[in-house]
Amino acid sequence: SCEKVKIETSGIDHAVAGVWELTEASAEGKPVDQYEVYLHLAPEGTFELYQKSGSQTRYDLFTGTFTTTDGIIAGVYSDGKLWGAKYNYTVSGDDLTLKSFNLLEEQKYKRSALPDEVIDNANAVVTKGAGSTPIL
């Protein structure tokens, strides 16, 4: 069983591991700025996505797992629903860029800390469809 764990985690590009704060997002070349997002990508392949839209007072928390393969990152939420797209990713210093395959989306993140107030006040969202739609 130890071997199986190594296989599952060896597929994660550790360059993406860490906490990222969304700095810029666009869809079809137009800016999308209604979201505040923190994305925690853990080295073992789990993620926490904290997201708040302009009208929300608290962050929604989405969780799940992700994989990286040949410069592509893809994820599955805890309820079994896939991320909206697979993304080509690049990490350059403290910058992470995600570009979707299918919807012409681009998201830019900066390496960041995850503020305690974001964690402490987050609404845990079980289903992708409940409340807000996650950015990924």
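Modeller: Begin with the words: helices and strands here are DSSP runs, numbered from the N terminus. The model is predicted. In it, the protein chain has two helices and ten strands.

Biologist: In which pattern do they follow along the sequence of the protein chain?

Modeller: The pattern reads α-β-β-β-β-β-β-β-β-β-α-β.

Biologist: How much of the protein chain do buried residues make up?

Modeller: Buried means under 20% relative accessible area. Of the 136 residues in the protein chain, 38% are buried. The chain exposes about 7700 Å², and carbon and sulfur atoms supply 52% of that area.

Biologist: And contacts between residues that are apart in sequence?

Modeller: Take the contacts between residues at least 6 apart in sequence: 49% of these join residues at least 24 apart.

Biologist: How do I read the pairing of strands? In which sense do strand 7 and strand 8 pair?

Modeller: The general idea is to look for bridges between two strands. Strand 7 and strand 8 (residues 95-100) pair in the antiparallel sense, over six bridges. One example is Tyr-89, whose bridge partner in strand 8 is Leu-98. The hairpin of these strands has two residues between them, and in it Gly-93 takes a positive phi near 60°.

Biologist: Over how many bridges do strand 6 and strand 7 pair?

Modeller: Strand 6 and strand 7 pair over two bridges, also in the antiparallel sense. Here Ile-72 has Asn-88 in strand 7 as its bridge partner.

Biologist: What about the side chains of a strand?

Modeller: In a regular strand the side chains alternate between the two faces of the sheet.

Biologist: Is Lys-52 buried or exposed?

Modeller: Lys-52 has 15% relative accessibility, so it counts as buried. Leaving aside neighbours within four places in sequence, Lys-52 is in contact with Gln-34, Tyr-35, Glu-36, Thr-57, Arg-58 and Tyr-59.

Biologist: Next, aromatic rings. How many aromatic pairs are there?

Modeller: Two rings pair if their centres lie within 6.5 Å, and planes over 60 degrees apart count as edge-to-face. By this rule there are five aromatic pairs. In one of them, the ring centres of Phe-47 and Trp-83 are 5.4 Å apart and the planes stand at 75°, so this pair is edge-to-face.

Biologist: Why does the pair of Phe-47 and Trp-83 tie together parts that are apart in sequence?

Modeller: Phe-47 lies in strand 4 (residues 46-53), while Trp-83 lies in the loop between strand 6 (72-77) and strand 7 (87-92), so the parts tied together are 36 residues apart in sequence. Phe-47 is buried, at a relative accessible area of 2%. Trp-83 counts as buried too, at 5% relative accessibility. Ring pairs also link Phe-47 and Trp-83 with Phe-62, Tyr-77 and Tyr-87 into a cluster.

Biologist: Last, positive phi. Which residues should I look at besides the glycine?

Modeller: Glu-28 is not a glycine, yet its phi is positive, about 50°. Glu-28 is found in the loop between strand 1 (18-27) and strand 2 (30-31). Asp-70 is another residue other than glycine with a positive phi, near 50°. Asp-70 has its place in the loop between strand 5 (60-69) and strand 6.

Biologist: Is Glu-28 buried or exposed, and what is the relative accessible area of Asp-70?

Modeller: Exposed means over 50% relative accessible area. Glu-28 counts as exposed at 57% relative accessibility. For Asp-70 the relative accessible area is 78%, and Asp-70 is exposed.

Terms used:
Residues are numbered from 1 along each chain as its sequence is written. This is a predicted model: local features need pLDDT of at least 70, side-chain atom pairs count only at pLDDT 80 or more; totals for chains, interfaces and linings use all residues. Side-chain values use heavy atoms; hydrogens and water are left out. Rings of Phe, Tyr and Trp (its six-membered ring) pair if their centres lie within 6.5 Å; planes under 30 degrees apart count as stacked, over 60 as edge-to-face and the rest as tilted. Helices (H or I, at least four residues) and strands (E, at least two) are DSSP runs, numbered from the N terminus. Buried means under 20% relative accessible area, exposed over 50%, partly exposed in between (1.4 Å probe, protein chains only). Contact means heavy atoms within 4.5 Å. Accessible areas come from the Shrake-Rupley method with a 1.4 Å probe; for residues, only the protein chains shown count as cover. Two strands pair if DSSP finds at least two bridges between them.
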